[in-house]
Amino acid sequence: MENGVKASPHVVRDYSRLFVNRGAYTLQSLRPSPESGRHYYFRPKAKGAGEELSLTTATIRRHLEGELTIGLYAISPATQRSKWVAIDADYAGAMEDLLKLQYFLHEDKVEAALEMSKRGGHLWIFMDRPALARECRIYIYNLALSLGVRIKGADLAEGIEIFPKHDELRKGEFGNAIRGPLGIHRGANRRFWFYGADYDLEKQISYLNRLRKVSEEQIRRFIAGKTMPPEFDRKHPSADQSAPFVHAYGREFRILDHVGKVRKVGRNYVAQCPSCAEAGQDRSGDNLAISIEDPRKYLCWAGCRKEMIRRAVGCPIPVRQSA
């Protein structure tokens, strides 16, 4: 626990109400990888059973008190909605872009909270009720483009990243997680706070609670007549596009045939995740871990499912057709 920081029950409750969209979450490793020095994220599992753990109030409290660091997913798959939009910027000139966005959001009467980060900052927008991820994304993408703010992806290696990163999730998909605010960033070994309130958990949560929340009616008014910019419109392929590419010429799918340069890290190869790369992510090229012993086993540390990775390389997992 960092300097005896305590998270009261009402702080934990309000944090969950503001930030938690679903029970799935990730943990940031406490120890850095000896090869890369990075603190990777992973989905925690119960000891022995192998079942993935669900986020609890006790885990949130430990995150806020600095014992561990959680990553939060942006979309509830049951509703395709989110309680928030987060804009992540970590490049030269990032803070200038975030302040520009914050100013013009305020012109729309949207109060966005600016959070410090290791190399830039995060801008958080909260909904009064969870809003459709696609409608939130249409609003922010169009606003950013109208202001000339760079958006990562679409041939740009640097720019803002917008969470949620997907319009919707299929069954079993998670999307992308972002580090939960107000915890310890393991790589920086420090806590990052929101501007606008004293550096104290109670005052920070009180500040976030006071912010004007955005209604679904506002979002729909903002996006009237607008669509997702086509260069950022990531659509799921239809089911009938799945089968033709799989097991071509009778060969078993091999992930190593579809990734670029790999390097050994412990018992795994690491490489750039194709699904992350499709979204303009994983510049360091080490989100994908592939078992050296059995290359049929692979995992994206950022949370991309196998279905997403297979689609990204043009070899979707076949869909069984009913008779």
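User: Let's start with charged side chains. Which residue forms a salt bridge with Glu65, and how far apart are the closest N and O atoms?

Analyst: The general idea: side chains of opposite charge can pair when their charged atoms come close. In this predicted model, Glu65 pairs with Arg61, and the closest N and O atoms are 3.0 Å apart.

User: Are those two buried or exposed?

Analyst: They fall into separate classes. Glu65 has a relative accessible area of 3%, so that residue is buried, the cut-off being under 20%. Arg61 has 30%, which makes this residue partly exposed.

User: How many salt bridges are there by this rule?

Analyst: The count comes to 22. Let's look at a couple of others. Arg13 forms one with Asp14, with the closest N and O atoms 3.2 Å apart. Here Arg13 is exposed at 53%, while Asp14 is buried at 8%. Then there's the pair Arg43 and Glu52, whose side chains meet at 3.1 Å, N to O. In that pair, Arg43 counts as buried at 18%, and Glu52 is partly exposed at 37%.

User: Now helices. At what angle do α3 and α4 pack?

Analyst: Two packed helices are described by the angle between their axes and the distance between the axes. For α3 (residues 94–107) and α4, the angle is about 115° and the axes are 11 Å apart. Their crossing is right-handed.

User: Which residues make the contact?

Analyst: From α3 come Leu101, Phe104 and Leu105, and from α4 come Tyr139, Ile140, Leu143 and Ala144. Sort the residues of this contact by type and you get seven nonpolar, no polar and no charged.

User: On to strands. In what order do the four strands of the open sheet stand?

Analyst: Read across the sheet and the order is β2-β1-β3-β8, with antiparallel pairing. The edges are β2 (41–42) and β8 (177–179); each has a single partner strand, so one side of each lacks a neighbour in the sheet. Further in, β1 (residues 25–28) pairs with β3 (residues 70–73) over three bridges. To find that pairing on your screen, look for Tyr25, which stands opposite Leu72 in β3.

User: And the hairpin of β11 and β12: how many residues lie between the strands?

Analyst: Two residues lie between them, and Gly266 in the turn has a positive phi of about 65°. The strands themselves, β11 (residues 263–265) and β12 (residues 268–271), are antiparallel and share three bridges.

User: Which strand do four bridges join to β12?

Analyst: That's β13 (residues 288–291), and β12 and β13 run antiparallel. Look for Tyr269, which stands opposite Ile290 in β13.

How values were computed. Residues numbered from 1 in each chain as written. Predicted model: local features only at pLDDT ≥ 70, side-chain atom pairs only at ≥ 80, totals over all residues. Heavy atoms only, no water. Pairing = 2+ DSSP bridges. Salt bridge = Lys/Arg side-chain N within 4 Å of Asp/Glu carboxyl O. Buried < 20%, exposed > 50% of the residue type's maximum accessible area, 1.4 Å probe, protein only. Axes fitted to C-alpha atoms, helices over the stretch in contact; angles between N-to-C directions. Left-handed = near helix turned anticlockwise from the far one by under 90°. Contact = heavy atoms within 4.5 Å. Nonpolar A, V, L, I, M, F, W, Y, C, P; charged D, E, K, R; others polar.
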